Amino acid sequence: MDELQSRRAGAVNAILKSDHPAIDDRERAARQKAIDSARASIELEGFTLSHEVEAISRRYIAGELTGDEHVAAIRAAVLGG
């Protein structure tokens, strides 16, 4: 793993260690719909999401991350911090 990948992994791991109360089914469905819409938009532009970004989004949908943490983790995964 090169230095940039190592920094990205460290930044993502720091964000993903949060603990939050469970979300209800309506919130989970709203989050799923938002992620599906964002994914569709990205795919229309000709891009695909990495496995790492998809895993982060699954954690957001499950309620393990807040919206701000989700965005920060995605940024860290893509931009390295």
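Here are questions and answers on one predicted model of a protein chain.

Student: What percentage of the residues in the chain is buried?
Tutor: A residue is buried when its relative accessible area is under 20%. The chain has 81 residues. The buried share of them is 26%.

Student: How much of the accessible surface belongs to carbon and sulfur atoms?
Tutor: Start with the total. The accessible surface of the chain is about 5600 Å². Carbon and sulfur atoms hold 53%.

Student: Are H2 and H3 roughly parallel or roughly antiparallel?
Tutor: H2 covers residues 25-44. Its axis and that of H3 are 9 Å apart, at an angle of about 155 degrees. Angles over 145 degrees count as roughly antiparallel. H2 and H3 are therefore roughly antiparallel.

Student: Which residues of H3 make the contact with H2?
Tutor: H2 brings Arg28, Arg31, Gln32, Ile35 and Arg39. By class, the contact holds three nonpolar, two polar and four charged residues. From H3 come Glu54, Ser57, Tyr60 and Ile61.

Student: How are H3 and H4 oriented, roughly parallel or roughly antiparallel?
Tutor: H3 spans residues 51-61, and H4 spans residues 67-79. Their axes come within 10 Å and cross at roughly 170 degrees. That angle makes the pair roughly antiparallel.

Student: How many residues of the contact of H3 with H4 are charged?
Tutor: List the partners. Glu52, Val53, Ile56, Ser57 and Tyr60 of H3 meet Gly67, His70, Ala73, Ile74, Ala77 and Val78 of H4. Seven of the contact residues are nonpolar and three are polar. The charged count is one.

Student: Is alanine 73 buried or exposed?
Tutor: Alanine 73 sits in helix H4. Its C-alpha is 9.2 Å from that of serine 57, 16 residues apart in sequence. The relative accessibility of alanine 73 is 0%, so alanine 73 counts as buried.

Student: Which residues does leucine 49 touch, leaving out those up to four places away in sequence?
Tutor: Leucine 49 is in the loop between H2 and H3. Leucine 49 counts as partly exposed, because its relative accessibility is 26%. Arginine 39 is ten residues away in sequence, with 7.4 Å from C-alpha to C-alpha. The residues touched are Arg39, Ile42 and Glu54.

Student: How far apart are the C-alpha atoms of glycine 80 and glutamate 3?
Tutor: Glycine 80 lies in the segment after H4. Glycine 80 counts as buried, because its relative accessibility is 16%. Along the chain, glycine 80 and glutamate 3 are 77 residues apart.

Student: What share of the contacts with a separation of 6 or more comes from residues 24 or more positions apart?
Tutor: Two cut-offs matter here. Consider contacts in the chain with a separation of 6 or more. Among these, residues 24 or more positions apart account for 71%.

Key:
Residues are numbered from 1 along each chain as its sequence is written. This is a predicted model: local features need pLDDT of at least 70, side-chain atom pairs count only at pLDDT 80 or more; totals for chains, interfaces and linings use all residues. Side-chain values use heavy atoms; hydrogens and water are left out. Axes are lines fitted to C-alpha atoms, for helices over the stretch in contact, and angles run from 0 to 180 degrees between N-to-C directions. Helices (H or I, at least four residues) and strands (E, at least two) are DSSP runs, numbered from the N terminus. Angles under 35 degrees count as roughly parallel, over 145 as roughly antiparallel, 65 to 115 as roughly perpendicular and the rest as oblique. Contact means heavy atoms within 4.5 Å. Ala, Val, Leu, Ile, Met, Phe, Trp, Tyr, Cys and Pro count as nonpolar, Asp, Glu, Lys and Arg as charged, and the others, Gly among them, as polar. Buried means under 20% relative accessible area, exposed over 50%, partly exposed in between (1.4 Å probe, protein chains only). Accessible areas come from the Shrake-Rupley method with a 1.4 Å probe; for residues, only the protein chains shown count as cover.
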